Structures are given as C-alpha cells and as structure tokens.
Amino acid sequence: MEAIVLAGGFGTRLRPLTYRMPKALVPVAGRPMIMHLIDSLPSEVDKVVMAVSYMRDALESHFKENPVDGVEMVFVEEREALGTGGAIKNVEKEISGDFLAFNGDIISSVEPMALYGMLKEKSAKAVISLWKVEYPSHYGVVDLGPDMRINRFVEKPAPGEEPSNLISAGAYALSYDVLDLIPSGRVVSLERKIWPILVEKGMYGLPFEGYWTDAGTPERVLEANAILLRNTGKEAIVDENADVRGEVLPYSSIGNAVVKDGAVVENSIVMDGSTVKSGVKVKDCIIGPKMDVKRDCEGEVIA
Ligand code: GTP
C-alpha cells in the first residue's frame with residue numbers, strides 16, 4: 001500500500017528554526033519528527049511517497065543516510081509549493097490505488113488501517129482521522145453524523161461558530177479517484193477546496209483516542225516532545241555524546257550539545273552543537289543547532 005507524506009511546507013510558525021532546517025527534521029524526543037510518523041506506519045505500507053518542496057535536499061539526504069527498512073521511499077518535488085492538495089496531485093504518478101496520506105508534522109496514536117478499513121466498508125471517497133480538542137477554532141472542524149458521515153467541514157471557524165470539537169488530525173485514507181478532483185500544477189488546499197467537494201460525495205470521519213499533536217508551533221513541538229518522552233517513561237533524552245554538567249529537567253531532549261555547570265534546561269529541546277553556558281536557565285525553549293546560549297531564556301526559539 002502507498003502512503004503519501006506531506007513534508008514540503010515552509011513551517012513559517014517555527015521560524016527562525018525553519019530557516020535552518022525543514023520542520024520534518026526538527027528533533028523531537030531525540031529523532032527528527034518525521035521519523036516518529038514513518039515508524040508508526042502500518043506494515044501494509046511498502047511505499048512512502050514524500051511530497052517535498054521547501055528544503056527538499058536536506059530531507060532527501062536524511063533518508064539517504066537513514067534508509068527505512070522494507071519501505072520504498074520516493075521523493076517527488078514541487079518546484080513551487082503547491083499546498084496540501086496540489087502536493088497530493090503532484091505525486092499522482094506514484095500512486096496506483098486507494099492510499100493513505102499524512103501531514104508530516106503529526107505525532108499521534110492514529111491507526112491508519114482503521115481509516116483504510118472504513119474507506120472500504122463505507123465505499124467512501126475519504127476517511128479522515130478526528131481528534132477532540134477543547135478549542136477547535138484554529139483547526140479544520142467537522143460536523144459528524146451518527147453514521148460517521150461528515151456533514152460539514154469548516155476550516156478554522158471563528159470562535160463560537162465551530163460545528164463540534166472534533167478536528168481533522170492530519171491522517172487520511174483516500175480513494176484513488178480523489179486524485180481526479182484536484183487540478184494539476186496549481187496551488188490547492190485540501191482543507192479549503194477538496195474536503196468541501198468530498199463532503200458532498202461521501203466523506204467519513206473516525207475519532208481516535210490516545211495522543212495527538214501537530215507539531216507546527218514551538219509550543220506544540222515541545223508538547224510533542226513531552227508526549228513522546230512520557231510514552232517511553234522517560235523524563236529526558238540526552239545524546240550519548242552530550243557533555244552535561246548542569247541540570248536537565250523534564251521534559252527535555254538534548255542532542256550532541258554542552259550544558260555547562262550550574263545551567264538548567266527545563267522542558268526544552270537543545271540541538272546538536274549548541275552550548276548552554278554556565279548558570280544559564282533555559283525553560284520552554286527550542287535551541288537550534290550550533291547556538292551559544294549565554295542568557296536566561298523562556299518560551300523562545302533560538303536559531
Ligand atoms: P506553517 O507555515 O507554519 O503553517 O507550516 P506548514 O508550511 O508546514 O503548513 P501546515 O502546518 O499547514 O502543513 C501541514 C503539513 O503539510 C506539513 O507537514 C507541511 O510540510 C505540509 N505542507 C504544507 N504545504 C505544503 C506544500 O505546499 N507542499 C507540500 N509538499 N507539503 C506541504
């Protein structure tokens with residue numbers, strides 16, 4: 001089975017970090033975030049089509065150096081980012097039947113084969129994973145019927161106008177002929193253009209339990225880091241080559257970096273080649289590669 005992974009976005013909400021690396025390679029719990037998604041793919045997936053654009057070279061080199069066992073990885077490039085729908089259309093030649101698709105920045109316990117099973121069972125055009133949140137207005141929100149059919153999909157509704165608190169969680173099972181609905185060579189948003197068409201044709205939603213976040217903002221990258229660490233029963237991950245003389249508090253991930261005497265790192269990510277100087281306190285921060293942190297910081301992205 002084929003799975004498309006969307007990994008070509010600019011990641012503007014993670015700037016300046018994403019001036020230096022694509023979002024997919026931002027380390028979360030000690031590994032590039034995209035690897036957590038790749039690892040969670042069901043064994044039925046034998047081909048992953050990576051839809052890439054922004055900083056595609058960095059992504060391709062990563063997978064060249066870290067091949068994934070038993071999976072054919074194909075990279076398809078958009079010269080200009082085509083949006084989530086345009087990117088799916090752009091990989092059409094690599095797809096041979098009904099398929100799975102994922103936003104490359106989700107960290108979740110979604111079960112893709114349950115989506116695929118429902119696609120078949122309902123003869124649906126699309127089945128999307130749904131996650132319950134308290135404040136849905138930043139997301140794509142659905143009105144779900146009792147038979148799990150989606151009656152309405154509203155992208156980023158105004159607060160108070162959300163049809164429910166179930167949001168699209170960025171994992172989909174799609175019928176092959178959905179590709180015919182997407183115009184080629186154009187910027188197309190799945191959420192704004194394609195889902196409303198599919199709602200008319202038969203789109204279903206499947207809520208799931210467990211954990212979910214889309215690691216698109218600094219806060220949610222740190223949340224993903226904490227979720228994954230907690231899942232493995234760890235309070236922190238420290239690279240074996242790191243030189244840690246200070247304190248590392250939950251939930252933190254330290255790459256091949258230096259944390260000097262008296263420094264404290266709390267709920268933060270410190271990437272390879274960085275140094276947290278003596279006595280400096282780093283809280284709720286993402287420190288990019290090769291940075292010297294000489295002053296206290298809280299809730300910042302330093303890159
Ligand atoms: P922001 O600029 O911060 O909104 O981030 P983003 O560019 O990653 O956009 P968003 O979070 O909405 O994207 C969700 C997923 O789709 C991410 O995994 C993106 O990499 C991917 N994505 C978004 N736009 C494109 C695109 O034009 N082409 C491809 N191939 N992937 C995209």
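Five strands, in the order β14-β17-β20-β23-β26, make up an open sheet with parallel pairing. Strands are DSSP runs of E with at least two residues, helices are runs of H or I with at least four, and both are numbered from the N terminus. Two strands count as paired if DSSP finds at least two bridges between them.

This is a predicted model, in which local features need pLDDT of at least 70 and side-chain atom pairs pLDDT 80 or more, while totals for chains, interfaces and linings use all residues. Residues are numbered from 1 along each chain as its sequence is written, and side-chain values use heavy atoms, without hydrogens and water.

β14 and β17 (residues 252-254) run parallel and are joined by 3 bridges. Within this pair, V238 stands opposite I254 of β17.

Helix α7 (residues 218-231) lies across β14, β17, β20 (269-270), β23 (286-287) and β26, at about 90 degrees to β17. Contact here means heavy atoms within 4.5 Å; axes are lines fitted to C-alpha atoms, for helices over the stretch in contact, with angles from 0 to 180 degrees between N-to-C directions.

The ligand has 19 residues around it, and L6, T12, R13, E78 and G83 come nearest (a heavy atom within 4 Å). Polar contacts are pairs of N or O atoms within 3.5 Å:

| Residue atom | Ligand atom | Distance |
|---|---|---|
| G8, backbone N or O | nitrogen | 3.0 Å |
| G11, polar backbone atom | oxygen | 3.1 Å |
| D105, polar side-chain atom | oxygen | 3.5 Å |

The ligand taken alone exposes 610 Å², of which the protein buries 81% (Shrake-Rupley method, 1.4 Å probe).

Methods
Polar contact = N/O pair within 3.5 Å; in protein donor to acceptor, adjacent residues only side chain to side chain.
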